[in-house]
Amino acid sequence: MAHEILIVDDEPDIRALIEGILSDEGYETRQAHNSDTAIAAFRQRRPSLVILDIWLQNSRLDGLGILQALHVEEPQVPVVMISGHGTIETAVQAIQEGAYDFIEKPFKSDRLLLIVARALEAARLRRENSELRLRAGPETDLVGSSSPLAQLRGAIEKVAPTGSRVLITGPAGAGKEVAARMIHARSRRADGPFVVLNCATLNPARFEEELFGIEAGQDPLAQPRRAGVLERAHGGTLLLDEIADMPLETQGKIVRALQEQGFERIGGGTRVKVDVRVLSTTNRDLQAEIAAGRFREDLFYRLAVVPLRVPSLRERREDVPVLARHFMRRSAETTGMASRDLSEDALAAMQAYDWPGNVRELRNLIDWLLIMAPGEAKETIRPDMLPPQVGAAAPAVLKLDRSSEIMTLPLREARELFERQYLEAQLLRFGGNISRTANFVGMERSALHRKLKFLGVQAEDRANPPGSVGNA
């Protein structure tokens, strides 16, 4: 998406010259000739950058005054100052007030374009660094190779470049926000902001302030304008996380904002136009919420243009080993501790667990194991080191006290008991997929079918376990 640049100069010829230079490079532009029109244009829609003349005739504020007013409201927008009567002192003061750079008139177009490109890149890096600090390194990819995850990835690759609104459903902790970040990263808005509004944790009384922002008071320095998430996400993506928790009254107002791609700030009368792609997530059945009168049907159909479903971890157990090792590496990097290996038996025990907290619970478990598991860092983590609730779900073949039962049986029965427990554990690991289980245990698929039938093991041959994409 093209960057929009606000040009503020009292000379029409200079504004036209700068506009021509920028337009030739693919930038979108708007113009203002004094402080009042500049501040009004800035408040109407936040630009990507401002080119601001210091000396303005017939203006209430000069360029430095405008710079101060703009940075009180939105300090992240870069400002490049220009002047035909500049001095070193003026340039230094502009930089001290927060300007990105200072250019003397007359200027060469190449120098102007270079400074504009550098200012926009610096602003992008600051925005990314700020987000990383706030969110402490968010996951930006879905880890795993299971069939449900492959289907979800395929759907994301298709919908990401389109700009359509997407409703992402799935249980808590399954990775809905990660899916949303993947959509943003693969979209044409990837260089724009990614802003998250968590509807589940926000005080209901503050919803509209957070969405639409607050207009400035009569004295902007004493009561500055505060941009809402719709405005901060201009040119990028807004994620409404757990949308079912949004108050009903606010739902009606956001329907209108989505329809018109514009809104008014709280306490203001100016219509603010924005270009925002809206993604939303929920762990609830929104059709049931609509039937109960807690969610607006018109909002549902505006958000669910493309519905995606993130499967629970229980539906893709075969991804547990690669996820566990991935989280172990990340946790070790974050804490500075030495990474620990996970035994195959420990991973099999994890695959047998139902994970009610989904991927989030697995990540927390790995953090706990790295810090609290007994033994030295070089010692492999075994099933008996897992927390009781996880270890209790382990297949019988992994239990340490199984030998006492086997030792009381004849060889044939002991072998059958072991084979039954072993194959049940492997089927569990591969989500009931006979082909993948047969490949892992080293048997022909038909031979494994016969063996399971002989041992009395009930197995549903699921080449594609549940967790398909496209069901809201």
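Predicted model: local features only at pLDDT ≥ 70, side-chain atom pairs only at ≥ 80, totals over all residues.
The protein chain contains 20 helices and 12 strands. Its radius of gyration is 29 Å, well over the 23 Å that the globule rule gives for 472 residues, so the chain is more spread out than a compact globule. Along the principal axes, the C-alpha trace spans about 105 × 55 × 40 Å. Of the 472 residues, 50% are buried. The protein chain exposes about 22500 Å², and carbon and sulfur atoms supply 50% of this area. Among contacts with a separation of 6 or more, 72% are between residues 24 or more positions apart.

The largest nonpolar core has 32 residues. Those with the most contacts inside this core are Leu-211, Leu-238, Leu-240, Ile-243, Met-246 and Phe-295. At least two core residues come from each of the following elements: strands E7 (194-198) and E8 (237-241), and helices H8 (207-212), H9 (229-232), H10 (248-260), H11 (286-291) and H12 (297-303). Helix H10 gives the most, with four residues. When neighbours within four places in sequence are left aside, Met-246 is in contact with Cys-199, Phe-207, Leu-211, Leu-240, Gln-251 and Ile-254. A second, separate core has 25 residues, including Phe-327, Leu-365, Leu-386 and Val-390.

Asp-53 is found in strand E3, which covers residues 49-53. An unreviewed UniProt entry lists Asp-53 under "modified residue: 4-aspartylphosphate". In the model, Asp-53 has a relative accessible area of 3%, and it is therefore buried, the cut-off being under 20%. Neighbours within four places in sequence aside, the residues in contact with Asp-53 are Val-8, Asp-9, Asp-10, Gly-63, Ile-82, Ser-83 and Lys-105. Lys-105, one of these contacts, is joined to Pro-106 by a cis peptide bond, with omega near -10 degrees. Pro-106 is found in the loop between strand E5 (101-104) and helix H5 (109-135).

Gln-261 is placed in the loop between H10 and strand E9 (262-264), whereas Asn-358 lies in helix H15, residues 358-372. With a relative accessible area of 25%, Gln-261 is partly exposed. Asn-358, at 3% relative accessibility, counts as buried.

Glu-315 is found in the loop between strand E12 (306-309) and helix H13 (320-335). Glu-315 and Pro-388 are 73 residues apart along the chain, and their C-alpha atoms are separated by 22 Å.

Helix H18 comprises 19 residues, 411-429. At 1.5 Å a residue, helix H18 should span 27 Å, and the distance of 27 Å between its end C-alpha atoms agrees with this expectation. The buried residues of H18 are Ala-414, Glu-416, Leu-417, Gln-421, Leu-423, Ala-425, Gln-426, Leu-427 and Arg-429.

Methods: Residues numbered from 1 in each chain as written. Heavy atoms only, no water. Core = buried A, V, L, I, M, F, W, Y, C linked by side-chain atoms within 4.5 Å. Buried < 20%, exposed > 50% of the residue type's maximum accessible area, 1.4 Å probe, protein only. Contact = heavy atoms within 4.5 Å. UniProt positions renumbered as here; feature names shortened; annotations may be inferred. Rg over C-alpha atoms; globule rule 2.2 N^0.38 Å. Areas by Shrake-Rupley, 256 points an atom, 1.4 Å probe, with all protein chains shown as cover. Expected span 1.5 Å × (residues − 1).
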